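Here is a short note to read beside the structure.

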Amino acid sequence: MADWQIAMIMMIGYLVIALIVGVMAGRGHDKNSLDEFTVAGGGLGLVVMWFLMGGAVFSAFSFLGAPGWAFSKGAPALYILTYTAFAILPWYIIGPKIGKIGRKFNIYTVAGFMKKRYGGKTLPILIGVIALLASIQYLATQMKGMAYIFNIMTEGRIPLWLGALLAYGIVVVYVATGGLRAAAWSDVFQGLLMIIISWVVGLAIVNQIHGSVGEMFTNLVRDNPQFLEIGNEGSTMSGTAYTTTILVSLIGFLMWPHLFSKSYASNARTIKKTVLVYPIFALFLIPLLFVGFSAVNVVNPADVGAPDEILPYLITTVLSLPGWVYGLVGAGALAAAMSTADAITHSASLEFTDGVIKNMKPDLPDKTTLFLMRAGVFVVGGLAYVITVFGGQGLIALLLGAYGSIVQFAPGVYGALYSKKVTGPAVITGLIVGTFVNYYYQLVAETTPFDIHAGILGLICNLIIVIAISAFSQQKSGEMAEKYRNIG
Amino acid sequence: MSKSRFTALYCISLGIPFLLLIFPLFSIGNRATPVVMGMPFSVFWVIMWIIITFLIVLALYRIDPDKDEEEAN
């Protein structure tokens, strides 16, 4: 049997198991409960929660992008480790507090959290729309990863549109039926799979090309030492760019609705223990970086289509590995992309329903809301699919802008948690200006001042505006501000 | 220990390793040589501080006054 046939059989086998795990997880729980669908009844345990948070980080980006960064940029790829290890840490403090606020006021989204504290309809609608666009962008990246891996591992026999449809179709089915619990249990299965694969296959590749990790780096240090430093002459990234990239990823991380809302799905103790064991996830990424380093001076960058293709390229072209390794890597990459896609599809549907639809048309009964959220999973999935396969340039620019805007939720969220002075109009203006500044520097301007990340520039403007307007505007939700601050 | 003191301790003791991993303090670790445990110094530096951070969080959890709190609702 040819290598691609073995790979295809293994990947399809993986998809079948993923579907069964996902659908089975949702069984035995109340299918008609809004609470179950949105936050799994608030009762997810430690192992499941850990993989749910970890699976969301271990995405197509870490599987394909991390080796790509190490291969093309060198030391700046370390930012991925630093941000993965640290981004979760604030959750230890804010997670339990958000969870208590959510249970007290019956909230399950970011939009709902902001609406309750700041009042009005503008803010939740704004958040719902930004979250939807940003999620679609995120999903499109994952789906491209899935489609691409299917394509290359079967040596071009499964076209991109079909690969994306197969893998993502399964995600949509189990999320729509089982809600958060299905996503969570699938992530346990998928998380284990990709951790094992990245270590086994990653280290095997390094050893086959260089003999050992030590030998690889000794050669690299001798031949291009600047490649392993940041911001020095001959390095690929400036110190400011490196630092602000870490900062923006770190602040933005918990603002993503699919992670923020997990605060509602668990009690304080589980949240704290999740944070406790989380930095280990950063260490799991190490062999993937090593794979990227191993290709430097071995593979000519011009031969690889894009840096992100380096891992599959090594496996299929440089090394003559057996077909079952194709299949394993294919399954691992699919698992990485799917475990991110499921949580995001789920939360995008929740945010849009709760933020936009419920504010345009209040007084929906729970049953209708649940139906809308379930239907929303298909709508979000369909939109993301169509954009991935047929997307035009203008649309992609819009989505990229939204993707960078998630971090602009931060002043409003932290203001709600710790200040009674911050007001609704201040947060709305800050969010709009911050989004606009980010958008301008990310997509219009050629360079940014001092090489600072566009998101951080937006955040600085956002913060100044929130502080200034809060000082001059009247607090209309004083009572709620007091309650938010005092909980926890 | 009160809750607010714990929060302050948490932020400070985890802020320090973080600052060592971004500029300007990252300059200390930002060099290719020496090779430590088979890795360039910059790579070793980042991994070392992540492991130390992990140990700090474990220690913090042990002294957290609220770690076993049962919720009132």
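1. In this predicted model, helices α15(A) and α16(A) cross in a left-handed way. Helix α15 covers residues 286-295 of chain A and helix α16 covers residues 310-318 of chain A. Their axes come within 10 Å and cross at roughly 65°.

2. On the α15(A) side, the residues that meet the partner helix are A:V291, A:G292 and A:A295. They face A:I310, A:L311 and A:L314 in α16(A). By class, the contact of α15(A) with α16(A) holds 5 nonpolar residues, 1 polar residue and no charged ones.

3. A second pair in chain A is helix α20 (residues 410-418) and helix α22 (residues 454-472). They pack at an angle of about 40°, and their axes are 9 Å apart.

4. Sorted by class, the contact of α20(A) with α22(A) has 5 nonpolar and 2 polar residues, with no charged residues.

5. The last point is the contact between chains. How many residues does it take from chain A and from chain B? It takes 36 residues from chain A and 30 residues from chain B. On the side of chain A that touches chain B, at least two residues each come from α5 (78-87), α6 (91-105), α10 (213-223), α11 (239-253), α13 (268-277) and α14 (279-284). That side of chain A has 24 nonpolar, 6 polar and 6 charged residues.

Terms used
Residues numbered from 1 in each chain as written. Chains lettered and ligands numbered in written order. Predicted model: local features only at pLDDT ≥ 70, side-chain atom pairs only at ≥ 80, totals over all residues. Contact = placed C-beta atoms within 7 Å. Helix = DSSP H or I, 4+ residues; strand = E, 2+ residues; numbered from the N terminus. Nonpolar A, V, L, I, M, F, W, Y, C, P; charged D, E, K, R; others polar. Axes fitted to C-alpha atoms, helices over the stretch in contact; angles between N-to-C directions. Left-handed = near helix turned anticlockwise from the far one by under 90°.
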